Amino acid sequence: MISGPLDARMLASQNIVIILCGNKKDLDTDREVTFLEASRFAQENELMFLETSALTGENVEEAFVQCARKILNKIESGELDPERMGSGIQYGDAALRQLRSPRRAQPQGTQECGC
């Protein structure tokens, strides 16, 4: 049983991207955890944090966008390698790998197609 972000990092990867979503933002009067408490917990545990509302849709898409952006930044910085088995991520299509891999040097005397 995973009981927190530390357990998730031990079982998955130290570079895992975790986001804490405080749901039901639209029910502010029924709040049990303050924004400050949740924000502090996220900061102490190196988590991303957003408050969301499934009812209104507020920040639902943003949660996915921020996670994807953080994962992409970790790939670009070399912290995550989709080619390494056990990294927790992988490209879904071989064509995408070609788009992401560095361009190979063109042989001398040939020109790159401009189309």
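Mentor: Helices (H or I, at least four residues) and strands (E, at least two) are DSSP runs, numbered from the N terminus. This is a predicted model, in which local features need pLDDT of at least 70, side-chain atom pairs count only at pLDDT 80 or more, and totals for chains, interfaces and linings use all residues. Residues are numbered from 1 along each chain as its sequence is written, and side-chain values use heavy atoms, with hydrogens and water left out.

On a 1 Å grid over the protein atoms alone, a pocket is an open set of points where a 1.4 Å probe fits, with protein on both sides within 12 Å along at least five of seven lines; lining residues have an atom within 4 Å of a point. The largest pocket has a volume of about 250 Å³, a volume being the space filled by probe spheres set on the points, which are joined across faces, edges and corners. Its lining has 16 residues, and Gly22, Asn23, Arg31, Glu32 and Val33 are the closest to its centre. Strands β1 (19–22) and β2 each give two or more residues to this lining; the largest share, 3 residues, is that of β1.

Strand β2 (residues 48–51) also holds Phe49, while Phe35 lies in helix α2 (residues 35–44). Phe35 and Phe49 form a tilted aromatic pair, 5.4 Å centre to centre with 55° between the planes. Rings of Phe, Tyr and Trp (its six-membered ring) pair if their centres lie within 6.5 Å; planes under 30 degrees apart count as stacked, over 60 as edge-to-face and the rest as tilted. The pair therefore ties together parts 14 residues apart in sequence.
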